[in-house]
Amino acid sequence: MVSSAGKGDAGAGAEQLPLIRAARGRAAPRARPRTWRGAPLAERLPVARVLVDKGQLHLDRYFDYAVPAAMDDRARPGVRVRVRFGAGERGGRREGGRLINGFLVERVAESDFPGVLAPIAQVLSTEQVLGPGLLRLCRSVADRYAGSLADVVQLAVPPRVARVEEEPAAAPLPPPAAPGPGGWHRYPEGPAFLHALAAGGTPRAVWSALPGPGWPEELARALATALAAGRGALAVLPDGRAAARVDAALTALTGPGRHVLLTAESGPEIRYRRWLAVSRGAVRAVIGTRAAMFAPVRELGLAAVWDDGDSSHRDDHAPQPHARDVLLLRAAQERAAFLCGGHACTAEAAQLVEAGWARPLAAARETVRAVAPRVRTVTETDESRDEAARAARLPTLAWQAIRDGLALGPVLVQVPRRGYVPRLACEDCRSPARCARCGGPLAAPGPGGTPECGWCGEAAPQWHCPVCGGLRLRARVVGARRTAEELGRAFPSVTVRTSGRDQILAGVPDRPLLVVSTPGAEPLVTGGPGYAAAVLLDGWALLGRPDLRAGEEALRRWLNAAALVRPAPDGGRVVVLAEPAERAVQALVRWDPAGYVVRELADRAALGLPPAHRMASVAGPEEAVRALLGTVALPRDAVVLGPVALPPAPGGTARRPGGPAPGEVWHRALIRVPLGGGAPLAAALKSAQATRLAHGDPATARVRIDPADIG
């Protein structure tokens, strides 16, 4: 029989509970482990504690199984196993549960369970993929985010590919030679950071990277310095393109064979082969995207994250850990250095500096002015005196910047939205155009096309405004394809290329052409100093979003695009279409992301908002949210905000994992605690959620710690 190694009965199967409770009522002594079929047991440490592949919170504990003697040599801690789960006894006859996968965590001499232990059904592999360090990290992440250990382990350990495990392990290469400071000499504290790394220290820094193409080589030098000191190194980047740039830079510094690239684009077999090389100690450095945050690097010396404000760093699967926070945990647990870099700076990174946990690593103002482009602002209400400028929806200053830039090289135009016209409004009263069926926003799929709902896809050929009765539509937001079409008419002799989610350009040549891109998809200029100019359109659409991070995110997107433009002394010019008085716009003009985020952090602290305070969200059907709030034993200093109704889920789509069904209305409550109260809050919410699940409550709420979208 399967038994729970945790406290209480919540971990047992439904059939087990009466038997367990009856045994406890008789105060039965502990029984020597034995199996149902009487198979001989391992002589030493015959009990295996197994983490089963069940992500429910009420099953978030280890379960005890007997180790048959035939599996003694193979059943080692960290291996994958198969066990029968949910077994019990009916009518005096023992019945087995269904086979599920799990990980053998440890071997012990005896079990707390007084009954009969089921044997391990199969040792799937002798590869010890869940080592003690990785297990400890996964447990810390699960506790921080009020999630289950099994869910985090599923994120941390890639799926098994049997034939890859049969390949022999390669011998590790000797440490490379220590690199010089390279581009780090541009930062007053840069050489000192590398020196501390080389000496085996644990420096921690928030790095404001200079604009230009030098940051991949600088990050690679930090990784190579840790390798040269005989330690491991790990860098997590937001996408495969950025990871490939750092991969190429580190290969140029240290040669091949000393690090691996872990990205989703590699495919499961290649990714597992590389992951195993790290787990076996054949390579000591990893460069990768989000999933690489759990890479089992041995003797980790440096954990680095680039552009931590990018939403790609937060995993979509429960419990939705953020790469920055996971690397912070690793740096503390493994006594490693930490580097958080980017052209922009998040409030979370600024808080690390304010708390004294990390030091700022930035260049002098004279250096910034020498390498940054010149930034000008203009509002969209400025009248365009040129017919071509009006045709392209551009104020004269922006149109002139494009025209002058094309005389020098390529010009970048950043558009906040993809598509043609992703948002429509009434021509007369400017009310947003909504679908009569589901209430979703109407969009124009192409020139002359019938408006369609962005949620359910329903066409609206006979649309009329419910506010004023108007029949005409206008564009509220113009997408990348429509912008490219208009620019093509304004500059008929210039090639116009688009880069977005459907097709991201890796690079463009250093010659006159227009590149229309959505944020994050901007291609590099190959063989040249960068874009001659950049125009950042529709700044109001970014700044006007109903989001706590709207200004921070707008500045991050603008800085990442402007960093691709050549320096001002070389003619580089950036024009942003946004209100000049906005704080984020002024920070872009001065190229001062740290100054902006320090003031932002102070404002949030005064209002009790993250990251100055820790916050959790409880979302779901109203009855489930109120039931959980009525059950949970919150810390005394917790403040509950809500619950309030959320906008209905988009119709015509499938239910999102962990989200509402189409058309379903959820409610959400926010729970706020001071810094230092995050751990008790997460523990209380996790315990309450597990209790409700164990009692079979039909309506459950979704708990998220440090939610990304609190409005």
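Colleague: Which way does H5 pass H6, in a left-handed or a right-handed crossing?
Modeller: H5 passes H6 in a right-handed crossing. A crossing is right-handed if the near helix is turned clockwise from the far one by less than a right angle, and left-handed if anticlockwise. This is a predicted model, where local features need pLDDT of at least 70, side-chain atom pairs count only at pLDDT 80 or more, and totals for chains, interfaces and linings use all residues. Residues are numbered from 1 along each chain as its sequence is written, and side-chain values use heavy atoms, with hydrogens and water left out.

Colleague: At what angle do H5 and H6 pack?
Modeller: About 25°, with the axes 8 Å apart. H5 covers residues 190-198 and H6 covers residues 215-228. H5 and H6 are therefore roughly parallel to each other. That label applies to angles under 35 degrees; over 145 is roughly antiparallel, 65 to 115 roughly perpendicular, and the rest oblique. Axes are lines fitted to C-alpha atoms, for helices over the stretch in contact, and angles run from 0 to 180 degrees between N-to-C directions. Helices (H or I, at least four residues) and strands (E, at least two) are DSSP runs, numbered from the N terminus.

Colleague: Which residues make the contact of H5 and H6?
Modeller: Leu-194, Leu-197 and Ala-198 of H5, with Arg-221, Ala-222 and Thr-225 of H6. Contact means heavy atoms within 4.5 Å. By class, the residues divide into four nonpolar, one polar and one charged. Ala, Val, Leu, Ile, Met, Phe, Trp, Tyr, Cys and Pro count as nonpolar; Asp, Glu, Lys and Arg as charged; the others, Gly among them, as polar.

Colleague: Switching topic. What is the mean pLDDT of the protein chain?
Modeller: The mean is 86, and 86% of the residues reach 70 or more. pLDDT is the predictor's confidence in each residue, from 0 to 100.

Colleague: Where is the pLDDT below 50?
Modeller: Over residues 1-32, for one; beyond near neighbours in sequence, that stretch has 74 contacts in the model. Residues 89-95 are also below 50, with eleven such contacts.

Colleague: On to sheets. In what order do the seven strands of the open sheet come?
Modeller: S11-S12-S10-S13-S14-S9-S15, with parallel pairing. Two strands pair if DSSP finds at least two bridges between them. The edge strands are S11 (259-262) and S15 (359-361), each pairing on one side only. The twist averages 15° from one strand to the next.

Colleague: How many bridges join S10 to S13?
Modeller: Five, and the two strands run parallel. S10 spans residues 232-236 and S13 spans 300-306. Gly-232 stands opposite Leu-300 in S13. Helix H8 (residues 268-279) packs on this sheet, touching S11 and S12 (285-288). The direction of H8 makes about 140° with that of S11.

Colleague: And the open sheet of six strands, what order has it?
Modeller: S16-S27-S26-S17-S24-S22, again with parallel pairing. S16 (374-378) and S22 (496-499) stand at the edges, each with a single partner strand, so one side of each has no neighbour in the sheet. The twist averages 20° from strand to strand. Four bridges join S17 (residues 411-414) to S26 (residues 533-536). Val-411 stands opposite Ala-533 in S26.

Colleague: Which strands does H16 lie across?
Modeller: S17, S26 and S27, running at about 165° to S17. Helix H13 (residues 396-406) lies across S16, S17, S24 (514-517), S26 and S27 (573-577). H13 runs at about 155° to S27.

Colleague: How do the axes of H16 and H17 cross?
Modeller: At roughly 25°, coming within 9 Å. That makes H16 roughly parallel to H17. H16 covers residues 550-562 and H17 covers 583-590. Gly-551, Leu-555, Trp-558 and Leu-559 in H16 meet Ala-584, Val-585, Ala-587 and Leu-588 in H17. Seven of these are nonpolar, one is polar and none is charged.

Colleague: Backbone next. Which peptide bonds are cis?
Modeller: Ala-318 to Pro-319 is cis, with omega about 5°. Pro-319 sits in the loop between S13 and H9 (323-333). Pro-610 to Pro-611 is also cis, with omega near 0°. Pro-611 lies in the loop between H18 (593-607) and S28 (613-620).

Colleague: Is the phi of Glu-299 positive or negative?
Modeller: Positive, near 50°. Glu-299 is in the loop between S12 and S13. Most residues other than glycine have a negative phi.
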